[in-house]
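Could you walk me through this protein model as if I were seeing it for the very first time?

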Amino acid sequence: MAEEARAANERLLSRATCPLCLDVFEQPVLTACGHSFCGQCLAAVLGDPPRPAACPQCRAPLEPGSQLPNRSVGDLAEVVRSLEEVAARPRCPQHGKALALFCEPCAALLCAPCRDGPEHRGHRVRPAEEAARELQETLQRNLLSLQEQKENLKSRGDQKREDLQVTARSELQRVAESFEELQQCLEEQKETLLAQLVQMSHELVVARILSRCGAAMAPIPVSRELKKSIKSLSQKSRQVMAMVDKFRVNMCHEIDWQREQVTLDPDTAHPHLLLLDDNKEVWFRNEEQNLPDNPKRFTGSLSVLGSQGFTSGRHYWEVEVGEKGSWAVGVALESVSRKEPIYHGSSEKTWVLQLDWGHYSAQSMSTDWLVVKKKLKRIRVCLHYETGLVTFYNAKNMMQIFQFKATFTEKVFPYFSVSSKGTHIRVCH
């Protein structure tokens with residue numbers, strides 16, 4: 001039965017197929033010799049402009065304008081197309097029927113038996129073709145809307161890029177003007193100081209000549225005013241050099257170095273260390289806190305690490321420290337011992353500046369005792385990973401306190417230690 005149906009379909013298809021394009025007829029026409037072709041296919045045979053030709057099937061003469069529409073074959077072609085569309089539709093795996101319906105609440109294709117089943121009974125069901133057309137229209141509208149949004153975003157992006165370019169050009173001009181003003185100011189100060197030095201040098205030469213001339217009588221002393229002027233000028237010169245050094249250091253750090261917003265990592269803090277102020281401040285406390293003993297936590301030394309580590313670049317952060325007690329700030333390798341005591345003066349994995357009951361020292365593989373005229377209150381810790389430099393500055397005047405030279409091959413973390421009651425370290429933001 002299936003073979004007979006297949007054979008009938010093939011015969012029907014052959015009767016509805018154009019012998020020229022071998023596809024289902026489109027607007028078929030009938031020739032005087034009784035053969036049918038698609039209207040466009042036969043027009044191609046007659047040429048442009050049309051001229052007499054031979055029938056592609058029987059070679060009978062064909063005259064332009066002698067063909068007539070073949071409506072019966074056209075109707076047959078429409079039937080074949082409909083059958084092809086029905087055959088191409090997906091079928092229900094349960095009932096074997098065409099999925100010609102669409103259930104809106106379930107957003108699913110249905111066949112007629114599925115529609116009448118309990119799962120979809122009472123749901124709004126429409127013809128699948130109608131739902132497909134509506135969905136296509138919706139998608140088309142959404143596509144147009146997205147294209148409009150894309151154009152708007154592109155326009156805003158172009159405007160933003162233009163604004164950024166204007167800002168960049170303005171900043172370039174401001175920087176250039178600022179450096180020119182600074183250079184002019186320094187040049188004026190230089191000329192003023194040099195002129196004063198030259199004037200005083202001349203006065204000293206004159207005084208020396210006069211002294212020699214009057215040596216037979218009595219030496220002529222250098223005037224008190226001249227001594228005072230030279231002393232004042234020397235002090236001013238030292239002040240200028242100190243200000244230039246400070247400016248140079250500050251400018252290099254602010255421009256070339258990345259200031260880090262360091263916070264303390266509570267998972268690493270020793271149970272005797274209390275973290276406050278959103279993990280920016282650490283104090284020593286006598287009572288041990290009940291904290292989980294994870295692998296990261298220090299239990300052998302009163303230490304805590306910063307939350308962020310570094311494997312490249314130039315970074316710095318500043319801390320406020322107590323003027324008494326015992327503390328240490330610096331950097332440590334990620335592999336630093338957490339469960340065993342850390343002895344800063346013989347450690348291969350920490351580089352710290354330490355206060356120990358009134359005495360400052362720089363400690364790593366050895367201890368360097370430091371002479372500090374005034375108590376340190378705010379310290380800048382600088383890490384240059386690639387060169388292995390760890391440098392400490394007095395943040396108040398940017399005078400260097402000490403510099404370590406190391407070699408880093410793993411992640412480096414900010415390191416803090418507090419080991420006396422009433423002593424604290426606070427990270428500055």
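Leu273 is buried, with a relative accessible area of 2%. Here buried means under 20% relative accessible area, exposed means over 50%, and partly exposed lies in between, using a 1.4 Å probe and protein chains only. Leu273 belongs to strand 10, residues 273-276. Helices (H or I, at least four residues) and strands (E, at least two) are DSSP runs, numbered from the N terminus.

Which residues is Leu273 in contact with, leaving aside its neighbours within four places in sequence? They are Val282, Trp283, Phe284, Gln289, Leu302, Ser303, Val304 and Val418, where contact means heavy atoms within 4.5 Å. One of these, Gln289, sits 16 residues from Leu273 along the chain, and the C-alpha atoms of the two are separated by 8.2 Å.

## How to read the model

This is a predicted model, in which local features need pLDDT of at least 70 and side-chain atom pairs count only at pLDDT 80 or more, while totals for chains, interfaces and linings use all residues. Residues are numbered from 1 along each chain as its sequence is written, and side-chain values use heavy atoms, with hydrogens and water left out.

## The chain as a whole

The chain has 429 residues, and buried ones make up 32% of them. Its secondary structure comes to six helices and 22 strands. Take the contacts between residues at least 6 apart in sequence: 56% of them join residues at least 24 apart.

## Two nonpolar cores

A nonpolar core is a set of buried Ala, Val, Leu, Ile, Met, Phe, Trp, Tyr and Cys residues joined through side-chain atoms within 4.5 Å. The largest one holds 39 residues, and Val329, Ile379 and Phe416 touch the most other members. Strand 14, residues 326-333, gives the most to this core, with four residues. A second, separate core has 16 residues, including Ala16, Val24, Cys41 and Leu62.

Phe416 deserves a look of its own. Setting aside neighbours within four places in sequence, Phe416 is in contact with a list of residues that includes Val262, Leu264, Trp317, Val319, Ala328, Val329, Ile425 and Val427.

## Strand 14 and its partners

Strand 14 is mostly covered, as eight of its eight residues are buried. Two strands pair if DSSP finds at least two bridges between them. Seven bridges join strand 14 to strand 15 (residues 350-356), and the two run antiparallel. Here Val331 stands opposite Trp351 of strand 15.

Strand 14 is also joined by seven bridges to strand 21 (residues 412-418), again in an antiparallel arrangement. In strand 21, Phe413 is the bridge partner of Ala332.

## Salt bridges

A salt bridge is a side-chain nitrogen of Lys or Arg within 4 Å of a carboxyl oxygen of Asp or Glu. By this rule the count comes to 15. In one of them, Arg380 meets Glu318, with the closest N and O atoms 2.7 Å apart. Arg380 lies in strand 18 (residues 378-384) and Glu318 in strand 13 (residues 314-321), so the pair ties together parts that are 62 residues apart in sequence. Arg380 is buried at 4% relative accessible area, and Glu318 counts as buried at 5%.

Salt bridges that share partners also join Glu104, Arg124, Arg126, Glu130 and Glu134 into one network. Within it, the side chains of Arg126 and Glu134 meet at 2.8 Å, N to O. Arg126 counts as buried at 9% relative accessibility, whereas Glu134 is partly exposed at 41%. Glu104 and Arg124 form a salt bridge at 3.1 Å, N to O.

## Cysteines without disulfides

How many disulfides does a search of the whole structure find? The search finds zero, a disulfide being a pair of cysteine sulfur atoms within 2.5 Å. The sulfur of Cys18 is 3.8 Å from the closest cysteine sulfur, in Cys38, which is too far for a bond. Cys18 counts as buried, at 0% relative accessibility.

Cys33 is in no disulfide either, and the nearest cysteine sulfur, that of Cys55, is 3.5 Å away. At 29% relative accessibility, Cys33 counts as partly exposed.
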